[in-house]
Structures are given as C-alpha cells and as structure tokens.
Amino acid sequence: SREADLIAAVPKQLFINGQWRDARGGRTLDVVDPSTGSVLTQVADAGIDDGWDALRAAEAAQPGFAAVPPRERANMLMRAFDLMHERKDDLALLMTLEMGKPLAEAYGEVNYAAEFFRHFAEEATRIRGNYQTAPTGNARFLIAKQPVGPSLLITPWNFPLAMGTRKIGPALAAGCTSVLKPAELTPLSMLALADILREAGVPDGVVNIVVTSTAGDVMEPLIRSGIARKLSFTGSTAVGKKLLEQCAEHVMRTSMELGGNAALVVFEDADLDKAVDGALMAKMRNSGEACTAANRIFVQRSVAEEFSRRLAQKMGEYRVGRGVEEGVQVGPLINATQREKVQELVDDAVRSGATVLLGGEPAAGEGYFYPPTVLTDIPEQARLRREEIFGPVAPVTPFDTEEEAITAVNDTEYGLTNYVFTQDLNRALRVAEAVESGMVGINQGVVSNPAAPFGGIKASGLGREGGETGIEEFLETKYIGIALE
Ligand code: ADP
C-alpha cells in the first residue's frame with residue numbers, strides 16, 4: 001500500500017554530520033499510529049554518546065557556516081521550501097500517520113511549515129546593523145549582528161513539521177548550526193525533512209537530527225556543556241522550567257514556547273456566526289492539541305445559550321476517524337495518556353456539576369479517539385477552568401460585563417494567546433490591550449503566521465518565533481566602539 005511504501009522509504013536513523021547512522025548502542029524506539037495504536041516502524045534511539053556526536057558536529061560546522069554568504073543561506077532555505085512543496089503528499093501522509101491529524105490539516109501544516117523557510121530565506125539577506133555617532137561626538141558605534149552559535153532545538157509532537165522549521169529556518173538564516181531533537185512520539189516528519197535539507201544543499205553538520213526516548217538524559221549534559229550557545233524549546237511549561245535551570249549554568253540564550261490557556265471571549269455585539277466559526281477553529285484545529293487552543297470560552301450572558309447551542313450543533317457534525325480517511329475532520333489524540341487526561345478533566349467537571357451538551361465519553365474501539373465535547377455550567381472549582389485541556393473539549397462560561405471578562409481571561413498563570421469577538425472597534429482594542437498575552441486574535445480563531453511574532457508572556461514563555469523577531473533569537477548584537485583622533 002501507499003502507506004506501507006512511504007513508511008518503508010522514510011529514513012529511520014540519526015542524522016549526524018550529514019550522515020545517516022544507527023544509534024551507537026543499536027537501540028530503537030517504536031513509532032505508533034495513534035489512530036490504530038499499532039506500531040508503524042522503529043527508528044534509531046539515540047543515547048548520550050550520539051548526542052555528543054551531534055553537538056560536536058554542530059560545533060565543528062559553526063565557523064564555516066557562519067562564513068557562508070547570506071544569499072547562499074537564503075538559497076538553501078528557498079530550495080528546501082520548494083522541495084517541501086514537491087513532496088507535500090508524502091510529508092502530509094507521514095504526519096497524519098504518526099500524529100493522527102486529518103490529512104487536510106496535515107497539508108495545511110506542510111504549507112505552514114514550508115512558509116517558515118520562505119520567510120527566513122527572505123530575512124537572511126536583511127540582517128542589519130548600525131553605524132552611529134557617539135553623543136560626545138568623538139567616537140563611532142558600529143553595531144553588528146553575528147550568529148549566536150551552535151543551537152539546541154527541542155520540538156513537541158503536536159506540529160511535528162512546523163515546530164521544526166520554525167526553529168531551523170531562523171537558525172539557518174542567522175548562520176547558526178544546530179542539533180534538533182524532535183518529540184519521540186513523532187520523529188518521522190523531521191527525519192524526512194533532514195533528507196530535504198541535505199538535498200537543498202545544507203552543509204554536513206549544520207543541521208543534526210537526534211531522536212531519543214531519553215530526552216532528559218541525552219539533552220542535559222549537552223545543555224550543561226556550554227558548547228551550544230542557544231536553546232530553543234517548544235513544549236510544556238514544566239519541562240521548560242527545568243531546561244531554563246540547566247541553561248543558567250552557562251547563561252545560555254533561550255527561546256521558550258511553553259503552555260497556554262487561551263480564552264476566547266464573545267461579546268453580545270459579535271457576529272455570532274463568525275464567533276462560532278472562530279471558536280471552531282480555535283478549538284478543533286489539531287483536535288485541540290495546540291498551545292493556542294481555546295481552553296476557556298467566555299460568552300456574554302445574553303447570547304451564551306444561543307452560542308453554546310450553535311457550537312454544540314456544529315461540533316456534533318464533525319466527522320471523527322482515522323486522519324487518512326476522506327472527509328475526516330477530527331483525528332485521534334496522540335496517545336492513551338493524553339486521552340485519559342482529557343477524560344479526567346471532563347469527569348471532574350461533570351462530577352462537580354457541569355452540564356454536557358455534547359460528547360463527554362471516550363469512543364470504544366482501537367485508536368485514541370475522543371469525541372468533540374461541549375460543557376456548560378462549569379463550577380469554579382473544576383480543574384478544567386485552570387488546566388490546559390489539549391483535546392476537543394469546549395467549556396463555555398457566561399459573563400456579564402467587559403471588566404469581568406478581562407479579569408477572568410487574566411486569571412491564569414499563562415499568557416500565550418487570547419481571542420476576542422466583537423464588532424465594536426473601541427472594545428476590541430480596549431480588551432486586546434488589557435489581556436495579558438503575547439498574542440490576541442480579533443474576530444479570528446487563528447493567530448499563527450510565519451510573518452508575525454509568535455510567543456507568550458508569563459508562564460507561556462520567553463522570546464518570539466517568526467516575524468522580524470524570529471531571526472533575532474539566533475543573533476547576537478556586537479557593538480564595536482571606534483575612537484576618533
Ligand atoms: P508535551 O506535553 O508537548 O509532550 P513536553 O515538554 O513533555 O511537552 O515535550 C516537549 C519536548 O521536550 C519533546 O521533544 C520531549 O521529548 C522533550 N523533553 C521532555 N522532557 C525533557 C527533558 N527533561 N529534557 C529535554 N527535553 C525534554
């Protein structure tokens with residue numbers, strides 16, 4: 001079958017110094033299809049020695065790569081962009097198989113992921129410094145940008161391709177070499193990308209891909225070594241905090257894209273159809289397995305019942321199934337643990353008095369499916385009022401005043417994104433400025449865009465990816481002071 005052929009063809013080894021090779025210990029790990037629970041294939045499982053090999057390769061390649069002209073680095077990124085489009089069918093299917101998302105969404109992610117390469121290809125030749133007269137007049141400041149150096153990149157399983165290109169793109173554009181460790185649950189997308197990077201002309205050792213089931217053991221010594229000068233991490237806040245401590249040892253530069261607890265606020269003056277569509281995007285994209293997913297939906301009281309009814313009706317029409325099947329809109333969750341977590345949060349809410357408008361019970365049969373679920377009347381003490389759900393569960397809570405809504409939105413340790421639906425421009429701006437988050441969507445349920453700065457405040461992280469700022473994360477500023485005779 002096409003699926004079996006594709007799995008057979010994908011690289012399954014470590015990509016170190018431009019070579020494909022097994023883990024030194026010969027270990028492998030299983031990659032599972034979450035829609036069936038069965039093993040798709042095995043891939044090499046790196047140990048500490050392999051991690052060192054990868055970092056040494058990145059270290060050795062750094063001076064040479066920093067000297068590659070920006071235009072050439074841009075060309076590599078553009079070729080990789082083109083190759084991703086040429087191979088979009090394979091990349092999308094591979095992603096659906098290992099991660100579960102519906103094919104249509106996988107195609108969307110291939111496109112989104114490739115866009116980071118195009119964006120940073122364009123940025124690579126626009127790295128600018130400055131020349132400035134000192135206020136005293138007797139000196140000049142030359143301000144230059146230099147690559148930060150070898151970088152460690154750690155990515156999660158929910159967007160297996162885009163979270164990689166969002167880091168590799170700016171690293172390459174800035175002239176940094178890297179070791180990327182994808183999530184062990186979804187390594188195939190990044191392994192396929194390694195082939196593309198090689199074909200695009202990225203020199204040996206510049207990007208190294210190391211898959212491991214023992215991320216903590218393999219990465220900690222590398223971080224603590226001080227050889228890498230930068231860590232860019234996307235994942236949970238708990239792991240991010242641990243990594244920040246490790247980075248403190250050598251005062252490494254960090255970019256941290258951590259958890260979120262997005263609120264979606266619908267005011268009574270909103271276009272309700274658009275608000276429902278926006279909520280569907282913000283909630284159902286990636287089956288809710290996104291740090292930008294609307295986790296808390298607040299609706300002004302006069303339209304709350306109508307909104308909940310329409311949302312439940314639309315979510316009830318979503319087709320759940322294997323992502324590879326035509327017309328499927330909701331795939332499985334990533335694994336059994338994730339599904340249990342979602343079920344626990346729903347059970348806890350229901351036990352404490354929430355009303356189930358839709359769903360609420362996991363599906364029987366193979367695969368880690370969870371049905372679209374809508375809850376209302378959720379008591380204050382329910383865990384899902386505070387915890388990240390990471391599933392297709394929409395909790396709807398009414399509010400009365402704008403002030404009350406803002407307080408509710410900000411009542412969380414997170415601050416990644418929020419969404420606001422209103423037709424009143426003044427209100428939109430007032431609320432956008434008052435909510436504590438790195439991003440705000442106004443009358444739209446998606447904020448991710450390679451050309452915009454993605455990132456959070458509070459426990460949602462440090463730094464921004466994409467936009468003009470994305471490349472800055474991989475650049476150091478050097479000020480050269482010149483005395484004038
Ligand atoms: P998620 O909830 O998305 O799985 P994690 O933070 O557990 O978030 O995982 C994100 C990435 O961080 C994955 O690639 C995972 O392997 C990696 N990771 C998990 N624990 C550690 C650790 N102690 N050190 C380094 N990387 C880790």
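## Helix packing and the ligand shell

Let's start with helix α3 (residues 70-86) and helix α6 (residues 162-174), whose axes cross at roughly 155° and come within 8 Å. This is a predicted model, so read what follows as a description of that prediction. An angle over 145° counts as roughly antiparallel, and α3 and α6 are therefore roughly antiparallel to each other. On the α3 side of the contact sit R73, M76 and L77, and they meet G169, L172 and A173 in α6. Sorted by class, the residues of this α3 with α6 contact are four nonpolar, one polar and one charged.

Next up is the pairing of α4 with α5. Helix α4 (residues 88-99) and helix α5 (residues 103-124) have axes that come within 8 Å and cross at roughly 125°, and α4 and α5 are therefore oblique to each other. The crossing in which α4 passes α5 is right-handed. From α4, the contact draws on K88, L91, A92, L93, M95 and T96, while α5 brings in L103, A106, Y107, E109 and V110. That gives the contact of α4 with α5 eight nonpolar, one polar and two charged residues.

| Helix pair | Crossing angle | Axis separation |
|---|---|---|
| α3 and α6 | roughly 155° | within 8 Å |
| α4 and α5 | roughly 125° | within 8 Å |

Now for the ligand. Of the 14 residues around the ligand, those that come nearest are A215, G216, G235, S236 and V239. Two helices, α8 (215-225) and α9 (237-248), each supply at least two residues of the shell around the ligand. By class, that shell has seven nonpolar, four polar and three charged residues.

Finally, the bigger picture. An unreviewed UniProt entry carries the annotation "domain: Aldehyde dehydrogenase", which covers residues 20-480. Over residues 20-480 the chain is 40% helix and 20% strand, and the C-alpha atoms at the ends are 42 Å apart.

Technical notes: Residues are numbered from 1 along each chain as its sequence is written. This is a predicted model: local features need pLDDT of at least 70, side-chain atom pairs count only at pLDDT 80 or more; totals for chains, interfaces and linings use all residues. Axes are lines fitted to C-alpha atoms, for helices over the stretch in contact, and angles run from 0 to 180 degrees between N-to-C directions. Helices (H or I, at least four residues) and strands (E, at least two) are DSSP runs, numbered from the N terminus. Angles under 35 degrees count as roughly parallel, over 145 as roughly antiparallel, 65 to 115 as roughly perpendicular and the rest as oblique. A crossing is left-handed if the near helix is turned anticlockwise from the far one by less than a right angle, and right-handed if clockwise. Two residues are in contact if their C-beta atoms, placed from the backbone, lie within 7 Å. Ala, Val, Leu, Ile, Met, Phe, Trp, Tyr, Cys and Pro count as nonpolar, Asp, Glu, Lys and Arg as charged, and the others, Gly among them, as polar. A residue is near a molecule or strand if its C-beta atom, placed from the backbone, lies within 6 Å of it. UniProt positions are given in the numbering used here, feature names are shortened, and annotations may be inferred rather than shown by experiment.
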